[in-house]
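Follow the backbone and the charged side chains of the model shown here.

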Amino acid sequence: MSQPQPRPQPTGRAPIRAGLVAALMVLLLVVIAGVAVPGLAGTLSAVTLPWLWLPAALVVVGGFCWWRRRWIALIPAVVWIIATASSLTWFPVGAAEGDGVIVAASQNVEAGSGTAAQSAAALVDRSADVIALTELDAQSRDDAIEALAQSHPYRYVVGTVGLWSTSPIIDAEALDLGLGWRRALRAEIESPAGPISVYVVHAASFRPGAQGERDAMLSALGDLIAQDDHDRILALGDFNAAGADPVLASIRSRLTEPRQSSFGFGFTWPASLPSTRIDHIFQRGFDAGGAETLRAGASDHLAILVGLRPRS
């Protein structure tokens with residue numbers, strides 16, 4: 001009787017390739033896990049997160065080619081999908097249409113770009129009822145006020161941020177959010193569907209190793225939203241933080257960000273080659289349609305637009 005032959009062992013480069021794929025998987029999982037870590041690690045992981053589909057796909061292909069337990073190769077792809085599901089907007093929904101829909105828009109107009117009026121006009125053309133503009137300097141503030149005077153007669157502008165509305169704005173106040181100068185505001189809009197509490201923010205810039213001001217502002221904003229008992233809330237502007245950034249956790253725990261109207265991540269910056277989403281519209285008390293990004297003026301940020309139907 002012949003003896004069973006031993007199973008041939010991998011030869012050549014296959015074990016090396018399998019090891020490289022395993023190393024890539026471990027690195028990928030570490031980066032994804034970083035979005036749960038406050039501070040610089042969480043911020044960098046959040047910026048990187050949307051692009052991790054590519055190494056996840058490489059792990060799947062490599063694992064199926066060179067691993068015996070091929071199903072393990074699916075782990076990073078599944079983990080990536082779970083990690084992005086709650087904070088990114090890549091799964092599309094249809095637009096909210098019909099009577100009663102409130103269209104909200106936000107854009108960082110880029111101080112010095114000289115195109116705030118064009119940005120405002122583009123958003124008016126898209127029937128925006130609520131417009132938030134950030135990074136306003138003296139000239140862009142005056143240009144936006146003039147451009148929106150007829151279509152949006154109600155406004156509140158303070159520091160580098162402004163809010164324009166087709167419905168009356170009441171009970172408005174400037175917010176410094178612990179920064180010492182005014183880069184945020186809160187106002188109440190008396191819409192046909194009832195009052196809406198609106199926060200507009202231009203968060204301090206993120207710089208590796210020097211993000212304390214940004215983190216303090218967004219943490220303070222989260223605290224204010226936690227204390228806000230309005231049924232309908234909007235928080236919009238330039239947050240200088242990607243959607244999965246742990247610094248936004250207190251805001252995302254109380255408000256949601258509408259998904260996109262088409263496949264994609266809704267990147268807003270830089271406008272010439274969008275690679276991250278740092279501008280956001282968060283909401284509570286609405287049924288949101290799909291959000292979209294669009295060119296408005298010559299800013300280095302794309303604008304965001306979303307239709308919102310107030311819940312009864």
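Leu-177 sits in the loop that runs between strand E5 (169–175) and strand E6 (184–191). Helices (H or I, at least four residues) and strands (E, at least two) are DSSP runs, numbered from the N terminus. The model is a predicted one, in which local features need pLDDT of at least 70 and side-chain atom pairs count only at pLDDT 80 or more, while totals for chains, interfaces and linings use all residues. Residues are numbered from 1 along each chain as its sequence is written, and side-chain values use heavy atoms, with hydrogens and water left out.

Most residues other than glycine have a negative phi, and most peptide bonds are trans. Leu-177 is not a glycine, yet its phi is positive, near 50°. Leu-177 is also buried, at a relative accessible area of 7%; buried means under 20% relative accessible area, exposed over 50%, and partly exposed in between (1.4 Å probe, protein chains only).

Asn-240, another non-glycine residue, has a positive phi of about 50°. Asn-240 belongs to the loop between strand E8 (233–238) and H8, and is buried with a relative accessible area of 15%. Further along, the loop between helix H8 (249–252) and strand E9 (279–284) contains Pro-270. The peptide bond leading from Trp-269 into Pro-270 is cis, with omega near -15°.

Side chains of opposite charge can pair when their charged atoms come close. A salt bridge is taken here as a side-chain nitrogen of Lys or Arg within 4 Å of a carboxyl oxygen of Asp or Glu. By this rule the model has 7 salt bridges.

In the salt bridge between Glu-257 and Arg-277, the N to O distance is 2.8 Å. Both residues lie in the loop between H8 and E9, so the pair ties together parts that are 20 residues apart in sequence. Glu-257 and Arg-277 are both buried.

Asp-215 and Arg-214 form a salt bridge as well, with their closest N and O atoms 2.8 Å apart. Both Asp-215 and Arg-214 are buried.

Arg-311 pairs with Asp-287 in a salt bridge whose closest N and O atoms are 3.0 Å apart. This pair links distant parts of the chain, 24 residues apart: Arg-311 is in the segment after strand E12 (303–310), and Asp-287 is in strand E10 (residues 286–288). Arg-311 is partly exposed, with a relative accessible area of 42%, and Asp-287 is partly exposed at 41%.

Finally, a network of salt bridges links Asp-171, Arg-186 and Asp-228.
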